[in-house]
Amino acid sequence: MPRFPATLAYSELDTPIGSLLLAGETDALCLVSFPIDRYRNVDRSGWTRDDAALAEPRRQLQAYFAGELTDFDLPLRFLGTDFQNQVWQALTEIPYGETTNYGAIAARIGRPPASRAVGAANGANHLPIIVPCHRVVGSTGALTGFGGGLPTKRYLLAHERKVAGVADATSAPPGSGVPRGRSSPD
């Protein structure tokens with residue numbers, strides 16, 4: 001688990017997928033937490049509720065869920081290892097409305113045999129939605145584990161496909177750059 005700074009501003013944001021916990025410093029967003037993920041129960045004893053301090057992340061997430069924003073423009077604080085940070089940066093490059101797979105991310109960062117490690121880094125992402133780990137699927141196109149739960153992952157992918165006007169392209173291989181619409185049960 002990342003070591004979050006002891007003093008952060010935090011806010012709660014109601015969304016179609018539930019209440020998101022946002023936390024950040026004055027210059028960067030550090031956390032987006034789903035209602036059911038492991039980061040929801042971090043020690044917040046030194047944190048201060050400050051919706052105004054997180055106004056811009058709140059505004060951008062609201063615009064995302066309203067279908068008005070497809071690219072986030074926020075300063076982010078990655079709190080991971082060098083490898084995790086490389087993976088998370090690569091996730092930010094997955095186009096809106098598209099998916100890729102763990103092997104493609106591993107190849108993108110120059111570590112082709114590291115697809116399992118990419119999966120672990122993906123699972124440790126503490127800035128989901130903004131760092132779109134939900135856009136990563138298994139090599140067969142099947143949905144895989146997700147910190148916010150598979151129903152949330154399905155929702156986010158369907159939301160993005162709808163906004164992007166992407167048809168269900170389940171025959172395209174993951175990582176091909178062709179938007180996919182598969183929502184297979186896992």
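This is a predicted model: local features need pLDDT of at least 70, side-chain atom pairs count only at pLDDT 80 or more; totals for chains, interfaces and linings use all residues.
Modeller: Before we start, local features here need pLDDT of at least 70, side-chain atom pairs count only at pLDDT 80 or more, and totals for chains, interfaces and linings use all residues. Residues are numbered from 1 along each chain as its sequence is written, and side-chain values use heavy atoms, leaving out hydrogens and water.

Biologist: Thanks! Why is S3 called a strand?

Modeller: Strands are DSSP runs of E with at least two residues, and helices are runs of H or I with at least four, numbered from the N terminus. S3 covers residues 28–33, so it meets the strand rule. The protein chain has six strands and five helices.

Biologist: And what makes S3 mostly covered?

Modeller: Buried means under 20% relative accessible area, exposed over 50%, and partly exposed in between, with a 1.4 Å probe and protein chains only. Six of the six residues in S3 are buried.

Biologist: How do you know that S2 and S3 pair?

Modeller: Pairing takes at least two bridges found by DSSP between two strands. Five bridges join S2 (residues 18–25) to S3, so the two strands pair. They run antiparallel and form a hairpin with two residues between them.

Biologist: What is leucine 61 in contact with, leaving aside its neighbours within four places in sequence?

Modeller: Contact means heavy atoms within 4.5 Å. By that rule, leucine 61 is in contact with Leu13, Leu20, Leu22, Phe72, Ile129 and Ile130.
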